[in-house]
Structure formats: C-alpha cells, structure tokens
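Good morning, and thank you for coming. Please look at the sequence and the structure on the screen while I speak.

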Amino acid sequence: MSLTNCRFYEEKYPEVDSYVMVNVKQIAEMGAYVKLLEYDNIDGMILLSELSRRRIRSIQKLIRIGRNEVVVVLRVDKEKGYIDLSKRRVSAEDVVKCEERYNKSKAVHSIMRHVAEKTKTPLETLYQTIGWPLNRKYGHAHDAFKLAITNPDVWNDVEEFPSQVVKDELLQYISKKLTPHPTKVRADVEVTCFGYEGIDAVKEALRTAEANNTPENQVKVKLVSPPLYVLTSQCLDKNLGIQLLEEAIKNMETKIKASGGACIVKMAPKAVTEHDDAELQALMDKRERENMEVSGDESMSESDEGVPE
C-alpha cells in the first residue's frame with residue numbers, strides 16, 4: 001500500500017451515469033484519453049462523438065491537454081479496465097455539483113495524505129478506517145470533519161483508529177485546516193444633520209448602530225472624516241454580518257430622519273479583504289493629516305471649517 005496514493009472513494013470504479021472529474025492527457029482520432037482524478041488516476045476515454053452536441057470543426061477548441069473536465073460515465077468494463085465517458089451529456093448544473101464534491105474530496109485527500117506521511121500509515125488504511133466509513137454515515141467525510149470541530153461525538157462513528165498517533169495528528173490538523181475564520185463585513189455611510197441639534201443628532205444616530213450589539217455579534221462605527229463613517233462587523237456567517245449592518249443602517253436612517261437629517265449609503269454592506277482594509281486605513285490617515293494641517297492654519301476661512309465636535 002502506498003503512503004500517498006489512493007482513490008478518493010470506496011468503489012474502485014465509478015458507477016454508470018455518475019459524474020466524475022478527469023484530466024485530459026492525450027487527444028487522438030477516436031477522442032480524448034483522460035485520467036479519472038478521484039479514482040487514483042485510472043484511464044478513461046471521451047469518444048469523439050461524445051465531446052459536443054454540435055458538429056466538431058476543431059477538437060482543440062472543445063478540449064485541451066492538461067485541463068480538468070467534468071464528464072459523465074457511459075460504460076465501465078472492469079475486466080478490461082475500459083471506461084467510456086461523455087462531455088456533451090453534462091449540463092452546467094452537473095458541472096457545479098461535481099466540482100463542489102471534487103473540491104471537498106480533494107480537501108479530505110490533502111488532510112489524509114498529510115496524516116499518512118506524518119504517521120507513516122498507508123493512505124488506503126486511513127481511508128478504510130476513517131474516510132470511507134464517514135462518507136457512508138455523513139454523505140461526505142469533509143462534512144464530518146467540519147462537524148467534528150464543534151461536535152467531537154463524530155469520532156464515535158470511527159470504529160477504530162489505526163493508532164492513537166494517527167488520531168491525534170488527524171484531530172490537530174483538521175482543527176488547523178478547517179476551523180472557520182470570521183469574515184469582516186463593511187458598509188460606508190454619510191450621516192448629516194444641519195438642523196439646530198445637528199451634531200447631537202448625528203451622535204445619537206450613530207449610537208443606534210451599536211445599540212443591539214451582543215457578545216457574539218458586534219457592529220462598530222468609525223469616523224473617516226465628517227460626514228463619512230464606516231460600519232464593520234466580524235461574523236463566521238458572511239450573510240449574517242451583512243444583515244446586521246443593513247439593520248444598523250435602517251436604525252440610523254430612522255433616527256437621523258426624525259431630526260431632519262439624512263443617511264446616505266456610499267458602499268452597501270459587503271465582505272471585505274485585508275486589501276480593502278488597508279485602503280480604508282490609508283484614507284483615514286490621509287484625512288487625519290489634512291485635518292492636522294488645517295487646524296494649524298489660523299487664517300482658515302469659515303467655508304473650510306469642519307463640523308465642530
């Protein structure tokens with residue numbers, strides 16, 4: 001048994017009518033020779049007539065060497081090892097589903113290979129004792145691994161680990177690779193009020209954004225420079241974070257409009273990257289420098305003055 005090579009699934013061959021991910025190795029007159037990536041790179045063939053629904057003018061435009069393709073299994077001859085495949089019978093929906101399963105399986109395979117190499121345990125042994133039983137019980141070992149981070153009872157479904165060393169390494173590596181990281185969500189708003197109680201009204205409106213904070217779900221408000229403010233939230237669930245900011249903006253709008261002011265959304269709530277954060281910080285630093293320069297200028301005209309604190 002190999003430390004690093006093994007099929008992803010319990011069955012040695014795919015079932016007829018199932019969708020599989022292949023890598024194109026060679027193009028010939030009869031069609032394309034491929035390797036089935038989920039089945040330890042066994043050989044398959046996409047017949048020329050199964051490449052496209054339309055008349056084929058150039059096979060190179062339809063399929064390229066080195067590219068991964070989603071195909072459907074037409075025939076499996078286990079004795080001769082022939083697997084006939086079709087590309088033209090695959091819909092866009094089939095591609096999405098197959099890619100999703102393949103990416104999960106690839107992630108599991110990566111974890112299994114790491115544990116196999118670290119503990120010097122054959123990869124197939126790990127699949128036989130851990131991966132395939134979890135596939136049967138949970139639909140996919142990847143779902144079981146993710147669930148196990150918060151629910152260790154999942155491991156009760158593994159009858160026997162090859163060794164305690166394997167178990168320890170697997171649990172540690174899963175925790176490192178699959179523990180979800182919070183997503184940062186941000187919205188930019190302009191809040192203004194030129195009425196009698198303008199500044200206080202703006203402050204009150206901003207406070208409502210943070211009014212419903214809980215230890216788990218927090219909305220924070222930062223000033224960029226009047227009248228621009230940034231709302232942020234960090235959540236494991238991106239959609240929940242967006243929803244929190246949308247509700248916070250609604251509350252701010254209601255509050256500031258009651259005082260005759262306005263709340264304009266300059267950037268709707270969305271997940272942001274570290275690059276976005278760096279750009280925002282650069283903008284805030286720039287505005288701060290500008291404010292310091294202006295405050296040092298005694299001959300500032302009235303039109304240049306900011307909103308008083």
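I start with a salt bridge in this predicted model: the side chain of Glu69 meets that of Lys87, with nitrogen and oxygen 3.9 Å apart. The two residues are 18 places apart in the chain and link distant parts of it. Glu69 belongs to strand 4, residues 68–77, whereas Lys87 sits in the loop between strand 5 (82–86) and helix 2 (92–119). Is Glu69 buried or exposed? With a relative accessible area of 9%, Glu69 is buried.

How many salt bridges does a search of the whole structure find? The search returns 13, and I shall present two further examples.

The next example pairs Asp143 with Lys104, whose closest N and O atoms are 2.9 Å apart. Here 39 residues separate the partners, and the pair again links distant parts of the chain. Asp143 is found in helix 4, residues 141–150, and Lys104 is found in helix 2. Asp143 is partly exposed, at a relative accessible area of 31%. Lys104 is partly exposed as well, with a value of 23%.

The other example is formed by the side chains of Lys137 and Asp157, at 3.5 Å from N to O. Lys137 counts as exposed, at 54% relative accessibility, while Asp157, at 26%, counts as partly exposed. Salt bridges can also share partners, and in this way Glu50, Arg88 and Arg89 are joined into one network.

Let me turn to the cysteines. How many disulfides are there? The count comes to zero. Cys6 is buried, at a relative accessible area of 4%.

I move on to the aromatic rings. Searching the whole structure gives six aromatic pairs. In one of them, the ring centres of Phe8 and Tyr102 are 6.4 Å apart and the planes stand at 25°, so the pair is stacked. Planes under 30 degrees apart count as stacked. Phe8 is in the segment before strand 1 (19–27) and Tyr102 is in helix 2. The two residues are 94 residues apart, so to speak of this pair is to speak of a link between distant parts of the chain. Both Phe8 and Tyr102 are buried. Another pair, Phe145 with Trp155, has its ring centres 6.0 Å apart and its planes at 40°, so this pair is tilted. Phe145 is part of helix 4, and Trp155 is in the loop between helix 4 and helix 5. Ten residues separate the two, and the pair is listed as linking distant parts of the chain. Phe145 counts as buried, at 0% relative accessibility, and Trp155 counts as buried at 8%.

I now come to the overall division. The protein is divided into domain 1 (18–52 + 60–89), domain 2 (95–178) and domain 3 (183–290). Between domain 2 and domain 3, the C-alpha centres lie 42 Å apart.

Finally, a word on confidence. The mean pLDDT of the protein is 89, and 93% of its residues reach 70 or more. Where is confidence lowest, and where is it highest? It is lowest in helix 1 (residues 59–62), with a mean of 72, and highest in strand 4, at 97. Over residues 297–309, pLDDT stays under 50, and for this stretch the model has five contacts beyond four places in sequence.

Thank you for your attention.

Notes: Residues are numbered from 1 along each chain as its sequence is written. This is a predicted model: local features need pLDDT of at least 70, side-chain atom pairs count only at pLDDT 80 or more; totals for chains, interfaces and linings use all residues. Side-chain values use heavy atoms; hydrogens and water are left out. A salt bridge is a side-chain nitrogen of Lys or Arg within 4 Å of a carboxyl oxygen of Asp or Glu. Helices (H or I, at least four residues) and strands (E, at least two) are DSSP runs, numbered from the N terminus. Buried means under 20% relative accessible area, exposed over 50%, partly exposed in between (1.4 Å probe, protein chains only). A disulfide is a pair of cysteine sulfur atoms within 2.5 Å. Rings of Phe, Tyr and Trp (its six-membered ring) pair if their centres lie within 6.5 Å; planes under 30 degrees apart count as stacked, over 60 as edge-to-face and the rest as tilted. Domain bounds come from an automatic or database domain assignment. pLDDT is the predictor's confidence in each residue, from 0 to 100. Contact means heavy atoms within 4.5 Å.
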